[in-house]
Amino acid sequence: MSGKSLQALTDALKRLPGVGMRSAQRMAHHLLQHDRAGATLLARALDAAVERVGHCERCHAFTEERVCSLCSDPARDAAVLCVVETPADQSAMERSGSYRGLYFVLQGRLSPLDGVGIESIGAQALLLRACDGQVGEVILALGFTAEGEVTAHALSEALKHRGLKVTRLARGVPVGSDIEFVDLGTIAHALADRR
């Protein structure tokens, strides 16, 4: 590979999650050899998104407005606040079509080994938002990783201390799966959380 521009493009593509050197090189070569119009479109879209997209001042989701369309929607149930780790998690919850409340997007999860503490994930803003007088229940829709569990526990304690009802997403056997292929931890949690 030759040229500073091609190397800069490859290095930029490597910044994407799950993209290593070889994948970045393949993408760069594809864009420059087979899809220059797509490369230009991608560059313009990235530039516009970086310039225009920010975080909602109420929930921290991505938006081009001060307050996102979900927070502005009077049909949403303001008494229920769903806490997620990332805007991608919020999008997944919305695609399910089963939740009609509001959201709060943390900026990650606790990870003491990586130096990510409670102040780094927006916990103070969450507490202010949850204690606005409208919220009655906070649903913690955080991942079931070790960091997600620690984050859920810390937030749950802080929210309960302020008199809020705190619930957690249920865990269990995925729909359409056979028990024999489900990991043992999931089976154990499904048994403990059975109804």
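**Salt bridges, stop by stop**

Select Lys14 to begin: this residue is partly exposed, with 34% relative accessible area (buried is under 20%, exposed is over 50%, and partly exposed lies in between, using a 1.4 Å probe and protein chains only). The model is predicted, so local features need pLDDT of at least 70 and side-chain atom pairs count only at pLDDT 80 or more, while totals for chains, interfaces and linings use all residues. Residues are numbered from 1 along each chain as its sequence is written, and side-chain values use heavy atoms, with hydrogens and water left out.

A salt bridge here is a side-chain nitrogen of Lys or Arg within 4 Å of a carboxyl oxygen of Asp or Glu. Both residues sit in helix α1 (residues 4–14), and because they are 3 residues apart, about one helical turn separates them. Helices (H or I, at least four residues) and strands (E, at least two) are DSSP runs, numbered from the N terminus. Asp11 is partly exposed at 33%.

Next, select Arg109 and Glu85, whose side chains form a salt bridge at 3.2 Å, N to O. Arg109 is in the loop between β4 (101–105) and α6 (123–130) and Glu85 in the loop between β3 (77–84) and α5 (87–96), so the pair ties together parts 24 residues apart in sequence. Is each end buried or partly exposed? Arg109 is partly exposed at 32%, whereas Glu85 is buried at 7%.

Last, select Arg168 and Glu149, a salt bridge at 3.4 Å, N to O. Arg168 lies in strand β6 (residues 165–168) and Glu149 in helix α7 (residues 146–161), 19 residues apart. Arg168 is partly exposed at 27%; Glu149 is partly exposed at 27%.

The whole structure holds 6 salt bridges.
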